[in-house]
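This report looks at charged and aromatic side chains and how they pair. Have the sequence and the model in view while reading.

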Amino acid sequence: MSTPKAKRRKTEKPVHRCGWAGEEPGMVKYHDEEWGVPSHDDKHLFEMLTLEGAQAGLCWATILKKREGYRKAFHNFDIQKVAKMSKASQTKLASNPDIIRNKLKISSTVDNAKAVIKVQKEFGSFSEYIWNFVDGKPIVNQWKSMKEMPVKTDIAIALSADLKERGFRFVGPTIMYVYMQVVTCCNFEFTSCLVTFIYH
């Protein structure tokens, strides 16, 4: 069974968010409720892998606004169902305004679902595979500003290379570093950010 995701610890203190969250409601909600919360759920890990790949060349706010569209288009990220999507259904999605209409990104989602299934058979779960790269424990950074944060790390480079060997697409080192932050293999929230989380 999937391990429940951790939840944020509520605080009565004034909230000082990471600067990237801005003031757009969708971004604020994402930052406060999802960003930096450890995920061990294969379905959620696949969803975020898909969305991070879709973001390439675009802004995250745009992807968040299309998130529900992605869920409808890709069977709520049911990995088995996505892996079986036909070429015809993929072609049809290329005209769907509710997602990013990039044929390569659409087909990569199906290919990545197939690759996830292979990883699950080898490691027991996609979560086990991903978290092995950080020895099962989040790497906690203490950045003071965006200027201090690298665009990729050695672990992200290694993860990217291994994923590519396994047939994954849209998984470059920079994308994978952000992905690791999203599912909290690597926690990079700034020291000024008072939004915290607990495991349970």
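How many aromatic pairs does the count come to? The model is a predicted one, and the count comes to nine aromatic pairs.

**Aromatic rings**

A pair of aromatic rings is described by the distance of the centres and the angle of the planes. Tyr 30 and Trp 35 make an edge-to-face pair, with 6.2 Å from centre to centre and 70° between the planes. The pair counts as edge-to-face because its angle of 70° is over the cut-off of 60 degrees. Tyr 30 is buried, at 4% relative accessible area, and Trp 35 is buried as well, at 6%.

Tyr 70 and Phe 74 form a stacked pair, with centres 5.9 Å apart and planes at 20°. Here the angle of 20° is under 30 degrees, so the pair is called stacked. Both Tyr 70 and Phe 74 are buried.

Ring pairs also build a cluster, made up of Phe 123, Phe 126, Tyr 129, Phe 133 and Phe 168.

**Salt bridges**

Side chains of opposite charge can pair when their charged atoms come close.

| Glu 34 | Arg 67 | 2.7 Å |

Where in the chain do Glu 34 and Arg 67 lie? Glu 34 is in the loop between helix H1 (25-33) and helix H2 (42-55), whereas Arg 67 belongs to helix H4 (residues 67-73). The two are 33 residues apart, and their pair links distant parts of the chain. Is Glu 34 buried or exposed? Glu 34 has a relative accessible area of 13%, which means that it counts as buried. Arg 67, at 9%, is buried too.

The pair of Glu 122 and Arg 166 likewise links distant parts of the chain, 44 residues apart. Glu 122 sits in helix H7 (residues 103-123), and Arg 166 lies in the loop between helix H9 (154-165) and helix H10 (173-182). Arg 166 counts as partly exposed because its relative accessibility is 27%. Asp 162 is partly exposed at 21%.

Salt bridges with shared partners join Glu 34, Glu 47, Arg 67, Glu 68 and Arg 71 into one network.

Definitions and conventions
Residues numbered from 1 in each chain as written. Predicted model: local features only at pLDDT ≥ 70, side-chain atom pairs only at ≥ 80, totals over all residues. Heavy atoms only, no water. Salt bridge = Lys/Arg side-chain N within 4 Å of Asp/Glu carboxyl O. Helix = DSSP H or I, 4+ residues; strand = E, 2+ residues; numbered from the N terminus. Buried < 20%, exposed > 50% of the residue type's maximum accessible area, 1.4 Å probe, protein only. Phe/Tyr/Trp six-rings, centres within 6.5 Å; stacked < 30°, edge-to-face > 60°.
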